[in-house]
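Work through the exercises below with the sequence and the structure at hand. Each task is followed by a solution in steps.

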Amino acid sequence: WFTLEKSSPRLACGWRRKKRKNAQAADQEPDGSMGGCCSSDEDAAVEKKEKFQEGGENDLTGGPVVNRGCTDAWCLLVLLAAWLAWIVATFAGLADGDPAKLYNPRDYRGDYCAAEKNWNNGLNLKNFPVQSYTMNVTATIDDIVKQLVCSTSAQSYIISSLGADLQNVSTLGGVEAVNTYLCACCLKPCSGCSGSYEFGDLSSLSDLSSVIAGKMSELNGASDPGNLFSPSGANGNAFTEMWNEATKYFNAVCLPDCNSQLGTDTPRPWAYTMALDNPLAPYFELLKTSGPAAIKSTISSAFTFQALPLSKCPYTESKCVPFPGVAFTDQGGTGYCSISFTEGVGEKIGAAAVDALASLGTNSIGEGGVGLNIGDVAGDFLKSIDAFALVFVCTFILGFLFMVMLRFFVGLCVWLAVLLAFLSLVLGGLATYVKSFQCQGASLFDTTVQFTSATATTVSVAASNSIAGAETVSEELAGDGGNYTGVQYRTKMGYLCAEWGTGTGLSSMYTSAQYPILAKNYCRNPYSSEDQFKANTIWCFTTDSTVLWQECMPVGILKPECENGFAVTEEALRQVCEICGFVIWGLAVIYLLAVCCLVGRIRLAIALNKVAADFVAETPMALAVPMLQAIMGAAWILVWSFSATFLLSQVPADYITTDAFTSYAEAYGTETVPGKCTDKWPTGLVYKDEEGCELIDGKAACWRCAPPRYIFDWQFGVSLFVFFWNNAFNIAIGQCIIAGAVGTWFYTPNSEKGSGLNPPVKRGTWNTIRYHLGSVAFGSFIIALIQLIRAIAYYMQQQAKSQKNYVVVLIMKVVQCCLWCFEKCMKFLNKNAYIQVALMGTNFCKSARKAFFLILRNAARFGTISLVGAVIHRIGICFITLGSVGLGYLIFSGLHPNGSPVVSLISYACVGYVIGKVYMTVFGLAVDTSLQCFIACEEMGPNQNVVPEALHWWLGIKEPIDRAMEDKHREQTTTDEDKE
């Protein structure tokens with residue numbers, strides 16, 4: 001080249017231009033002509049037709065095509081028809097749906113609080129809007145009833161009654177009946193018992209009366225309810241340890257308010273009656289009606305409860321018995337209640353115990369905490385609304401500054417991300433490999449440090465021996481290392497060994513004169529035969545002031561011996577860890593090679609990201625597009641959600657069976673058998689109707705079904721499809737507008753970019769709204785259809801799960817995964833098709849085909865730029881979000897120094913994320929559109945007056961200083977020729 005430069009500057013300049021073009025061609029993807037049998041003239045012709053050509057149908061010389069017409073207008077008619085179908089389905093739902101069913105509290109049988117009409121002729125609960133709790137008497141006194149019926153004093157009477165005529169078996173009589181009673185009480189080994197009941201026996205009638213009456217008095221309100229939760233009470237700790245499973249001891253009921261108590265109202269007395277399906281029921285009734293006088297008297301007095309009147313509790317008496325000592329408080333007007341206690345209980349057990357028990361109970365009940373602290377959260381936010389407004393403005397400024405800085409630091413960000421990804425693979429492989437020999441009790445970090453230190457020392461010693469030509473020193477270590485003469489000079493944790501005999505104190509006592517085995521700073525285990533104390537293996541003093549001495553391992557020993565075994569106990573798993581470590585390292589090598597091969601494309605991606613940053617900085621109006629999209633999208637979601645609530649709440653009367661079942665397993669199902677109430681999705685509820693038990697084949701059937709809050713039918717399917725389509729349509733409009741704006745800006749002369757003479761956003765918006773809404777609707781229809789099929793696959797998965805068909809569940813999961821991948825591919829293709837629509841003005845199918853071939857011709861470029869774009873996208877969102885939180889904290893601290901910043905910081909993070917998403921969405925589309933414009937310039941020939949400066953080198957455009965030097969050189973050459 002230097003010879004050419006001297007002899008013929010023109011030829012040298014042409015050679016230099018040709019060399020640059022060859023370099024650019026090497027960076028391009030193959031043009032589809034594979035050569036030989038892999039291509040044909042027809043394929044080459046088709047691909048040539050798809051390329052950008054000056055003067056052809058793919059001419060983009062002057063920027064986005066001006067003369068264009070409406071495309072795919074027919075699809076707008078289909079969209080209007082879909083909207084009409086959605087309106088019809090919505091109005092049908094308005095007649096039958098009730099959105100309140102989606103959020104109103106429900107009682108134990110599935111009826112809705114505050115509802116006048118309930119399923120299956122349920123109760124009128126219009127005046128009972130709050131879900132509170134009453135005592136589940138059956139569960140609460142279950143142990144007391146068992147102690148009564150199964151005690152020795154009751155047992156003797158029951159067995160004598162049953163065995164009065166063993167030869168002539170009566171209704172309850174006979175040996176079989178006696179064994180049935182013994183099994184019901186778990187007094188003998190039976191299939192329904194795992195052991196005998198753990199409560200004290202009552203051998204005399206007097207003991208039975210006093211103990212049972214004492215326990216029941218704390219539950220029926222006859223004595224101080226504070227004793228119920230005191231260990232010194234008649235029930236001991238029974239009701240202080242129940243709160244982890246509080247739902248077992250309470251009935252969820254609808255009441256006028258959370259803390260409905262008897263007050264001055266007349267109660268409804270209720271004598272306890274056992275459910276028919278309780279195996280102890282016949283024996284309890286026997287004692288109640290014809291038992292000993294003491295037992296009959298105890299049952300009559302102690303087992304009578306005072307229930308709330310119908311005006312406060314519209315259920316039967318058994319469901320309206322208040323739990324003594326327990327009160328309930330409203331949670332922020334949500335209709336749910338949380339547990340608290342009366343003052344008497346607090347005086348008995350103390351405020352701390354009351355708070356602990358109330359917290360356990362509320363957490364166990366679950367739904368009662370829905371409204372917890374909502375008012376406090378809203379209050380904290382409203383108090384700091386001024387700081388929120390400032391943070392909102394500052395976050396927009398921060399995002400704009402990030403776009404400006406990105407033009408200068410995008411390269412650093414990308415290469416740093418590439419390096420971090422490589423280091424992650426290397427360190428991940430190292431951690432996985434080290435895990436295969438990590439010792440029990442040793443941390444993974446310490447084991448990794450030992451391994452890397454041993455490896456580094458081994459390599460260092462080997463390299464030193466190789467350079468010096470020295471013989472390899474034996475590293476043999478036997479026993480405690482007293483014979484070791486190797487050259488290890490670092491400890492297990494990598495500390496450098498100090499030379500023996502140096503230093504002060506104890507280290508100065510170890511000299512080669514006293515211990516001839518010592519040499520330089522090599523690890524040894526010096527001791528004499530008279531020494532009582534000695535080390536387990538070789539060691540050395542370290543040069544680190546914080547570590548006096550530490551053990552060593554011989555050079556070449558990379559894995560430590562584990563005296564207590566390995567952290568991963570199974571050898572097969574250790575082998576898997578070792579293999580996985582090598583696999584990850586192999587991926588790191590492949591990654592490094594790929595980066596080396598794609599350096600040119602990564603640099604091009606950086607240049608395109610700089611161009612996109614320039615666009616955002618010079619066209620801030622583009623940021624208004626995603627903001628308007630967000631507003632329109634939010635409005636649509638609100639409207640759709642309102643309509644969907646009516647469709648979801650249309651649960652038909654025959655959706656769930658009204659039959660009763662003999663067991664919970666039959667109603668709810670098991671792991672392998674679907675239940676009668678849960679054999680379809682959405683699944684129903686299961687509850688026990690103790691007062692409404694039915695006899696089926698001689699067995700008591702007390703378990704019933706309640707309908708779910710919502711269902712999915714064809715009407716909701718229509719609504720869901722329109723929801724998907726409108727969302728995709730809204731997103732696609734923004735993509736097409738931004739693509740048109742970027743194309744207009746790209747082909748605007750560099751001297752006019754950002755001047756406002758040719759508003760890019762205005763032109764992009766006009767072209768999209770005026771000409772291409774049909775194409776946008778077409779592309780979004782495809783995305784919505786895929787999403788609907790995915791939703792149907794999920795619905796089928798849940799139905800199969802309800803039917804316990806786990807094979808179909810697995811198949812549906814695979815189908816959803818494949819559909820998710822397909823949806824991602826279609827979204828990528830659609831985005832590039834919209835760019836083609838915005839640039840060339842063609843219909844969707846033609847644009848999609850062009851985009852497909854464009855991606856195919858430049859597959860590696862698109863792939864690299866997508867990866868780099870993803871990195872920048874995440875860096876941008878993280879930077880803006882974290883910056884928003886940091887600025888927000890400073891602003892909040894300045895304006896409200898005494899306030900709690902937690903709620904405000906969460907809101908600032910949300911604002912930062914949303915605004916970051918807005919900036920990076922525009923930025924990402926700018927990158928993709930700039931890539932297509934760059935390829936168009938490359939295939940047609942660049943116009944140096946419009947191409948952004950960041951792409952000049954890639955298109956072979958000389959900078960003005962290069963052209964000036966070339967012209968000066970040409971003039972000098974001409975002058976020399978004239979002189980000759």
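Buried means under 20% relative accessible area, exposed means over 50%, and partly exposed lies in between. The model is predicted.

**Exercise 1.** Find which parts of the chain are tied together by Cys-497 and Cys-540.

Solution. 
- Step 1: A disulfide needs cysteine sulfur atoms within 2.5 Å; those of Cys-497 and Cys-540 are 2.0 Å apart and form one.
- Step 2: Cys-497 sits in the loop between helix H16 (444-468) and strand S7 (539-541), while Cys-540 belongs to strand S7, so the pair ties together parts 43 residues apart in sequence.
- Step 3: Both Cys-497 and Cys-540 are buried.
- Step 4: Cys-75, by contrast, is in no disulfide, as the nearest cysteine sulfur, that of Cys-845, is 9.7 Å away.

**Exercise 2.** State which helix gives the largest share of the nonpolar patch.

Solution. 
- Step 1: The nonpolar surface patch covers about 870 Å², and its residues include Phe-392, Met-405 and Phe-879.
- Step 2: Helix H15 (residues 385-435) supplies the largest share, 8 residues.
- Step 3: Met-405 lies in helix H15 and is partly exposed, at 33% relative accessible area.

Note on methods
Residues are numbered from 1 along each chain as its sequence is written. This is a predicted model: local features need pLDDT of at least 70, side-chain atom pairs count only at pLDDT 80 or more; totals for chains, interfaces and linings use all residues. Side-chain values use heavy atoms; hydrogens and water are left out. Patches are made of residues with over 30% relative accessible area and no salt bridge: like charges are joined within 9 Å, nonpolar side chains (Val, Leu, Ile, Met, Phe, Trp, Tyr) within 5 Å. Accessible areas come from the Shrake-Rupley method with a 1.4 Å probe; for residues, only the protein chains shown count as cover. A salt bridge is a side-chain nitrogen of Lys or Arg within 4 Å of a carboxyl oxygen of Asp or Glu. Helices (H or I, at least four residues) and strands (E, at least two) are DSSP runs, numbered from the N terminus. Buried means under 20% relative accessible area, exposed over 50%, partly exposed in between (1.4 Å probe, protein chains only).
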